[in-house]
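Dear colleague,

Please find below the structure for your review. My findings on its charged pairs and on one residue follow it.

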Amino acid sequence: MSKVSKILNKVSIKNKRASFEFMFIEIFMAGIVLKGTEIKSIRMGSVSLTEGYCYFKNGELFVKNINISIYTEGNFYNHTPTQDRKLLLTKKELYKLESKLKDKGLTIIPIHLFTNEKGFAKLEIALAKGKKLYDKRETLKSKDIKRDIQRDLKQLKK
């Protein structure tokens with residue numbers, strides 16, 4: 001595989017459950033520190049973000065419970081699938097997140113993992129607040145209404 005074809009192999013993995021369970025307050029783009037077998041496994045698309053969350057340790061931000069599957073071609077240098085991984089943000093962003101995280105009911109969750117044009121893995125994280133049951137019902141109702149409107153528009157065009 002040439003270098004150009006590797007870069008063109010874009011990866012985009014979303015946490016679909018996050019938008020249903022949480023209300024996003026602010027979204028940040030973070031780099032992620034990975035080992036060689038981890039990035040190869042990400043490029044194959046074998047990642048699960050659903051159980052992931054972020055926490056602070058010694059002023060640094062880490063993501064926990066992101067499942068990056070073991071690289072099949074790797075040998076004893078392979079990684080552990082659910083290890084904690086360091087996120088790379090500016091000091092200003094880290095300070096802002098850490099101060100807002102002290103508010104009651106807020107958490108930081110991963111919502112989108114992708115590779116940029118240079119081939120580096122990036123992680124979109126969101127400062128989020130958990131939705132109540134009635135908020136989830138409202139979200140489902142608005143999605144149903146949008147779907148019905150789209151369906152009616154398609155029928156009118158025919």
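**Salt bridges and the setting of one threonine**

Asp144 and Arg147 lie three residues apart in helix 5 (residues 133-157), so about one helical turn separates them. Please note that the model is a predicted one. These two residues form a salt bridge in which the closest N and O atoms are 2.9 Å apart. Asp144 is partly exposed, with a relative accessible area of 36%, and Arg147 is likewise partly exposed, at 44% relative accessibility.

In total, eight salt bridges were counted. One of them joins the side chains of Glu26 and Lys96, at 2.8 Å from N to O. Because Glu26 belongs to strand 2 (residues 22-32) and Lys96 to helix 4 (residues 91-101), this pair ties together parts that are 70 residues apart in sequence. Lys96 counts as partly exposed, with 34% relative accessibility.

A further salt bridge links Arg85 with Glu38, with 2.9 Å between the closest N and O atoms. Arg85 is in strand 7 (residues 85-88) and Glu38 in helix 3, so the pair connects parts that are 47 residues apart in sequence. Both Arg85 and Glu38 are buried.

Helix 3, which spans residues 36-43, also holds Thr37. Thr37 is buried, as its relative accessible area is 12%, below the 20% limit used for that term. Leaving aside residues up to four places away in sequence, Thr37 touches Tyr71, Tyr77, Asn78 and His79.

With kind regards

Definitions and conventions
Residues are numbered from 1 along each chain as its sequence is written. This is a predicted model: local features need pLDDT of at least 70, side-chain atom pairs count only at pLDDT 80 or more; totals for chains, interfaces and linings use all residues. Side-chain values use heavy atoms; hydrogens and water are left out. Helices (H or I, at least four residues) and strands (E, at least two) are DSSP runs, numbered from the N terminus. Buried means under 20% relative accessible area, exposed over 50%, partly exposed in between (1.4 Å probe, protein chains only). Contact means heavy atoms within 4.5 Å. A salt bridge is a side-chain nitrogen of Lys or Arg within 4 Å of a carboxyl oxygen of Asp or Glu.
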